[in-house]
Amino acid sequence: MANLDASSAYALDAKDDLAHFRDKFVSRDPELIYLDGNSLGRLPRATMTRLQDLVEKEWGDRLIRGWNEGWFEMAQKVGDKIGQLIGAQPGEVIVGDSTSVNLYKLALAAVLARPNRPQIITDDLNFPSDVYILQGIAQQAPGRTVRVVHSADQIHGPVADISAALNERTALLSLSHTVFKSGYTYDLAAVSAAARDAGALTLWDFSHSVGSVPINVTEAKVDMAVGCTYKYLNGGPGAPAFLYVRRSLQEQLRNPIAGWFGQQNMFDFGLDYQPTAGIRRFMVGTPPILGLAAVDVGVNIVLEAGMAKLRQKSVQQTEYLIALYHEFLAPLGFRLNSPTEGARRGSHISIGHDEGWRINQAFIHDTHVLPDFRAPDNLRLGIAPLYTTFVDLHTAVMRLRNLVANKVYEKYDVERTAVT
Ligand SMILES: *Cc1c(COP(=O)(O)O)cnc(C)c1O
């Protein structure tokens, strides 16, 4: 990229046919550059009116009748919309519980469905919560072990070593599709095929992929998946997560948390658990209706923009940001901790620096940019193509360059705070 001055950013924004989507989101502080949409997406304006309406008219006026006026089906309806984003068929996705809990339900169900295979495989780029859950399952299900395959550079997924580790002892391969630190994205179809060839089930975490990377679980023959709705889907803090189970597998798996929402004819109130047919068997208890409504609004916006266009803009923006990094940040001691190959990259860029923590503090407090920080030295710059502009990226990099060049970060403590 030849021209990297501010005019390049304005020119790219002028040509962006998704630019108008930014107006669909609340942004009251024009100075703030928000580069953390990969941790908590912005608030859609439509969410405010939808929740206000739901609270006043549905909860307020309709009370318990609301369950027969749409609430009961909502987890599945919103699930089917998310299904469109990941290439699933209707009836293969349901929304409810957190990503962590959904991972637990599906991983344990899979392990118990493959009793003669004692091994679970994951990698050390996975989100720690995912690894904890798999380790906990290995402790609860006697004889099981977790093999955590090591990534040598801590950027790229250890694909060859994972393939080599898969064998007739493997019950489950569970990975983050796009990894939370480096933003590396696995080849979904190829890695799923390797697991399938070994007779293992696959369970993917799409938290950093859904709404940012095109996914087709049907074409890639994925068995199971989970994912988050408060990142690129803009569902709001603690919004309920989703889970996907391939239809032909659904009846073979038993939800290890047998709750009344997964029970056949739940309103018969029988005392023997009999799982209901289809994806609803993976529900547990009463779904969070307010949270589901917010997810619905967020997903509608992503569907309206279209994954193909969002991906195209995201790749263009990560490439632009990497070009800015080479020009302005690499000379100041920064390292690129994300893949250089566009096809293997999600929608965030990690850059490392020996002074990463203090630089991050100065970035937030002195320059009014919100990135996030991932230990030991990573600044994560999240691009949400629905509302991130090229000017945002250019301005953020200029602010970062100036604060490092002028050593503004030196006034900050080296101690870390609780939430980074
Ligand atoms: C964000 C994220 C989660 C979040 O899990 P919660 O249960 O919602 O806290 C899980 N896995 C991955 C890979 C994530 O990026």
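## The open sheet

In what order do the four strands of the open sheet stand? The order is β9-β10-β13-β12, and the pairing is antiparallel. This description, like the rest of the report, rests on a predicted model.

Two strands stand at the edges of this sheet: β9 (335–336) and β12 (372–374). Each has a single partner strand, so one side of each is left without a neighbour in the sheet. For β12, look at its link to β13 (residues 378–382). Three bridges join β12 and β13, and the two strands run antiparallel. Within this pairing, F373 stands opposite L379 in β13.

## Around the ligand

T99 uses its backbone: a polar backbone atom of T99 is 3.4 Å from an oxygen atom of the ligand. D130 uses its side chain: an N or O atom there is 3.2 Å from a nitrogen atom of the ligand. H208 also takes part through its side chain, with a polar atom 3.2 Å from an oxygen atom of the ligand. How much of the ligand does the protein cover? On its own, the ligand has 390 Å² of accessible area, and the protein covers 86% of that.

## T47 in helix α2

Helix α2 spans residues 45–62, and T47 is found in it. Is T47 buried or exposed? The relative accessibility of T47 is 5%. Buried means under 20%, so T47 counts as buried.

What does T47 touch, leaving out residues up to four places away in sequence? T47 touches A294 and V297.

## N402 in helix α12

N402 lies in helix α12, which covers residues 390–405. Its relative accessibility is 39%. Buried means under 20% and exposed means over 50%, so N402 falls in between and counts as partly exposed.

How far is N402 from F328? In sequence, N402 and F328 are 74 residues apart. In space, C-alpha to C-alpha, N402 and F328 are 9.6 Å apart.

Key:
Residues are numbered from 1 along each chain as its sequence is written. This is a predicted model: local features need pLDDT of at least 70, side-chain atom pairs count only at pLDDT 80 or more; totals for chains, interfaces and linings use all residues. Side-chain values use heavy atoms; hydrogens and water are left out. A polar contact is a pair of N or O atoms within 3.5 Å; within protein, one must be able to donate a hydrogen and the other to accept it, and residues adjacent in sequence count only if both atoms are side-chain atoms. Accessible areas come from the Shrake-Rupley method with a 1.4 Å probe; for residues, only the protein chains shown count as cover. Buried means under 20% relative accessible area, exposed over 50%, partly exposed in between (1.4 Å probe, protein chains only). Contact means heavy atoms within 4.5 Å. Two strands pair if DSSP finds at least two bridges between them.
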